[in-house]
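This briefing is meant for a reader who is meeting the structure for the first time. Please keep the sequence and the model at hand while going through the points that follow.

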Amino acid sequence: MSTTTGEKIGYVGRAMKRVEDPRLVKGIATYVDDLRLPGMLHAVFVRSPHAHARVKRIRTDAARAAGGVVGVFTGAEVNAQCGTIPCASSFPDLKSPKHTVLAGDRAYFVGHPVAVVVAATPYAAADAAELVDVDYEPLPVVTDPEKALEAGSPLTHPDLGTNAAFTWNLTGGDIDAAFAKADRVIRQRMYHQRLTPMPIEPRGCVASYQPGEGTLTLWTSTQIPHLIRTLLPGMIGIAENKLRVVAPEVGGGFGAKLNLYAEEALCSHLAMRLGAPVKWIEGRRENAAATIHGRDQVGDYEVAVSKDGRILGLRNRTIADLGSYLQLLTPAIPTLTGLVVTGAYKIPAVRMDVVGVYTNKMSTDAYRGAGRPEATYLIERLVDLVAAELGLDPVEVRRRNFPAPEEFPFNTATGLTFDSGNYEGALRKAQQLARWDELVARRTSRRRAGALFGIGVSTYVEICAMGPSKAMAAGGWEWGCVRIEISGKVTVITGVTPHGQGQETTFAQIVADRLGVPIEDIVVLHGDTSVAHYGRDTYGSRGTAVCGSAIVMCVDRILEKARRLAAALLDARPEQVEFADGAFAVKGSGGKRLGWTELAGEAYIAKNLPRGFEPGLEASAFFEPENFTFPFGTHICAVEVNRDTGDVTIVQYVAVDDCGNQINPLLVEGQVQGGIAHSIGQALFERTVYDEHGQLLTGEFMDYPMPRAEDIPDYVLGSTVTPSPVNPLGVKGVGEAGTIGATPAIANAVMDALRPLGVTHLDLPLAPEKLWRAIRQGHKE
Amino acid sequence: MKLTGTYRCPAPRARVYAALIDPVVLQRCIEGAEQLVRTAGDEYDVRMRIGIGAVKGVFSGTVRLADMQAPEAFTLHVEGKGAPGFVSGSARIRLDDAEPGTAITCDADGQVGGVLAAVGSRLVDAAGRRMMDRFFERLGREFDPPTTS
């Protein structure tokens with residue numbers, strides 16, 4: 001979508017490079033670890049090597065006596081002053097363990113912090129941390145979430161009396177009738193593996209207390225400075241308006257930094273307690289063990305179908321492995337799976353039962369896609385299984401179950417209203433880009449030549465632009481501010497906290513077009529609660545849809561005020577004044593034009609303002625979304641599996657994503673590319689592994705295989721545009737789409753490749769060893 | 001982690017048994033053992049430097065001898081902890097006459113935890129095997145050159 005002002009093509013809709021990138025690629029951006037404050041101390045955490053243990057005694061004297069050490073603190077010395085880590089979700093039967101900043105008398109997972117050493121240098125702190133001597137008494141460990149629900153299982157939290165944290169169910173339509181009248185019922189058990197988000201920059205923070213003002217500043221590598229400013233004061237005993245939270249440059253989050261962590265709270269407390277700035281930088285091994293993990297759901301899924309491939313009902317019981325504690329959104333993630341579990345299909349009846357289970361592992365929480373990748377994977381795998389069972393073309397089964405474009409807004413059995421969609425359109429375009437008939441012919445010829453060649457399709461829908469406040473624990477609105485400076489330059493302030501999403505560019509594009517100013521004149525500020533007074537931050541692909549809309553409201557308010565000012569200065573009525581190309585003039589007069597420089601000068605110098613006219617040219621706004629948005633698309637993947645090694649080669653990848661109107665197609669493409677790379681990791685390589693003793697075995701990149709450049713194929717990317725009716729920009733969001741749509745396309749392709757061997761389903765990741773074994777097994781049969 | 005192995009030692013069973021429960025000999029034979037001090041009858045405090053792949057560190061702990069049936073067999077219980085995590089395990093050691101020396105069979109079961117497991121798990125078995133091989137190689141050298149009575 002391009003807007004035009006006169007003959008000139010606007011910025012919106014143009015593939016523009018990000019204004020953020022030069023500082024990033026030149027290495028001159030400022031991350032938390034770049035901060036150096038006078039007198040700054042350094043914290044290092046002592047962490048439990050046991051998955052479950054009684055902490056019998058902690059000897060800190062040797063550490064305290066070590067050179068440069070300022071203090072050593074255990075749970076007994078800080079937990080009473082720090083409050084508990086917050087969780088924003090709740091269910092009627094939710095059982096929550098007390099989540100203190102340091103372990104009390106028990107450690108619940110490998111990596112659980114039990115003490116913190118503060119010293120003058122990070123090296124002194126690390127050396128002294130080795131001198132902290134903790135006596136542990138190992139306790140029985142809970143690692144398997146299904147066995148954890150059996151009678152007689154050891155308990156993760158003995159005081160809760162059960163490992164079941166909560167139960168949740170979702171029902172829509174008449175599920176029993178759907179299964180009663182089904183021609184076939186297809187069942188499959190599926191495990192959605194645990195993943196480690198692994199942003200390139202691990203976590204880290206610097207807390208600094210100003211005793212004169214009584215104010216605390218926390219710089220932290222986070223997606224949510226505003227939510228931290230809301231949640232942290234109650235924990236550490238400071239007023240909300242005496243806390244400033246700053247997210248400087250953030251090197252990736254993917255949901256892992258959508259949390260208030262113990263380390264942030266404790267460094268804040270210690271900065272106040274010690275009267276000196278305290279810095280903590282997470283190491284990679286700490287990040288793998290003590291930053292949230294994602295996914296980890298296992299379930300038995302059943303779908304009722306008619307013999308022509310229409311899906312009548314979907315039923316499942318899902319066990320969600322929560323780890324040992326509730327982080328900010330831990331229990332909410334599987335409920336998001338439930339909401340979109342029917343995918344892009346008209347499924348009239350659904351029942352989903354979720355049990356959240358405590359185990360002696362790191363907490364799971366939002367990881368790129370957060371609940372939707374799980375849903376999309378299971379419904380897209382099931383559709384392929386349905387097609388195989390009925391002898392139908394998987395693409396045709398999808399088509400038969402799509403709602404038609406004229407059925408939107410479409411109400412799902414899960415209680416959502418899909419805002420807009422044309423699923424058939426995206427599928428058709430993806431097939432065109434993939435040269436579908438040629439691709440199918442290629443499969444035939446490759447198979448004839450003995451190759452294991454497969455094609456996988458995923459037609460996904462997801463849920464973005466989070467969200468209506470009634471559905472969001474902390475409110476789902478967003479705040480923005482636009483100010484025409486006295487010089488005529490434009491400052492945009494956003495309550496979202498972009499960390500790779502590129503809103504310094506896209507918001508400037510939106511504002512430049514609407515104000516008719518050069519984009520170079522616009523600066524977009526974010527990530528500092530003393531600059532962006534309010535905000536709900538960045539997650540759930542919400543930035544452009546929700547805050548972009550707040551910014552549009554700001555611009556509209558400024559235009560309205562500027563029109564009144566221009567009218568007064570031009571001796572006209574406001575309705576006689578027109579705005580074009582960044583200037584106001586009396587309609588049809590061909591006379592004097594007032595641009596932003598003149599108007600800003602008048603508005604701030606304020607010598608010629610009409611009586612009662614408020615000086616200044618600034619507006620702020622809160623935008624409340626009336627609904628979520630529901631982006632969708634089709635991904636097509638073709639793979640060849642090496643018979644001798646089990647290696648998967650992606651020979652073709654086509655993605656057509658519909659995220660509504662596109663502000664900047666280059667950034668949309670970037671988001672989709674990164675998302676598909678995440679999916680390649682999940683589909684083919686990655687899995688977070690704990691052994692039966694609860695020991696984490698995937699603690700660094702040697703053991704946790706992220707995809708590498710050589711694993712990423714050339715993508716063919718396309719889009720369709722179905723604007724959303726629920727925000728003024730008509731945008732939907734695209735930050736997670738690739739991660740949601742791609743995993744099942746890849747999995748379906750690999751399963752299709754193995755179909756001739758009689759293999760119907762394998763759980764992720766489809767790593768070479770697993771495929772090699774399946775191929776060997778297949779040959780034997 | 002389970003490890004088993006059989007080694008030969010060019011000395012009679014009684015002498016090998018005596019060496020295996022002698023802290024001075026043990027400290028010489030255990031690679032990385034910096035200190036081995038008897039604290040009670042069959043219990044020793046031990047300080048060892050262990051490296052598995054990129055993970056290196058000093059472990060301190062205890063070694064306890066149990067189920068001693070001189071000169072046929074005994075069990076070794078080891079507990080150690082350090083900055084990179086912990087190790088714990090036990091080994092049943094059997095000695096059999098194998099003219100002209102002794103055959104030693106070692107049947108060990110161990111566990112590692114913390115960073116040691118997180119980043120070294122692929123290497124733990126190999127590292128354990130290597131430590132065991134080195135131990136018996138050094139033990140053999142204690143009796144080298146072969147003694148003549």
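In this predicted model, A:Ala562, A:Leu565, A:Ala566 and A:Leu569 of helix H15(A) meet A:Leu599, A:Glu602 and A:Ala603 of helix H16(A). The residues of this contact between H15(A) and H16(A) comprise six nonpolar and one charged, with no polar residue among them.

**Crossing of the two helices**

- Helix H15 of chain A covers residues 543-569 and helix H16 of chain A covers residues 596-605, and their axes come within 11 Å of each other while crossing at roughly 90°.
- Because angles of 65 to 115 degrees count as roughly perpendicular, H15(A) is described as roughly perpendicular to H16(A).

**Domains of chain A**

- The domain assignment divides chain A into domain 1 (4-28 + 477-623), domain 2 (32-139 + 202-250 + 257-290) and domain 3 (294-467 + 627-780).
- The centres of domain 1 and domain 2 of chain A, taken over C-alpha atoms, are separated by 40 Å, and 13 residues of domain 1 are in contact with 13 residues of domain 2.
- On the side of domain 1 of chain A that touches domain 2 of chain A, the residues fall into two nonpolar, eight polar and three charged.

**A five-stranded sheet in chain A**

- Five strands of chain A form an open sheet with mixed pairing, in the order S9-S17-S16-S15-S10.
- Strand S9 (164-172) and strand S10 (184-195) of chain A are the edge strands, each of which pairs on one side only, and neighbouring strands of this sheet are turned against each other by 10° on average, with direction ignored.
- Within chain A, strand S15 (residues 294-305) and strand S16 (residues 311-323) run antiparallel and are joined by nine bridges, and A:Gly299 stands opposite A:Thr318 in S16(A).
- Helix H10 of chain A, made up of residues 372-390, lies across S10 and S15 of chain A and runs at about 145° to S10(A).

**Contact between chains A and B**

- The contact between the chains draws on 12 residues from chain B and 15 residues from chain A.
- On the side of chain B that touches chain A, strand S6 (85-98), strand S7 (101-113) and helix H3 (115-142) of chain B each supply at least two residues, and H3(B) gives the most, with six residues.
- By class, this side of chain B consists of six nonpolar, five polar and one charged residues.

Definitions and conventions:
Residues numbered from 1 in each chain as written. Chains lettered and ligands numbered in written order. Predicted model: local features only at pLDDT ≥ 70, side-chain atom pairs only at ≥ 80, totals over all residues. Axes fitted to C-alpha atoms, helices over the stretch in contact; angles between N-to-C directions. Helix = DSSP H or I, 4+ residues; strand = E, 2+ residues; numbered from the N terminus. Parallel < 35°, antiparallel > 145°, perpendicular 65-115°, else oblique. Contact = placed C-beta atoms within 7 Å. Nonpolar A, V, L, I, M, F, W, Y, C, P; charged D, E, K, R; others polar. Domains from an automatic or database assignment. Pairing = 2+ DSSP bridges.
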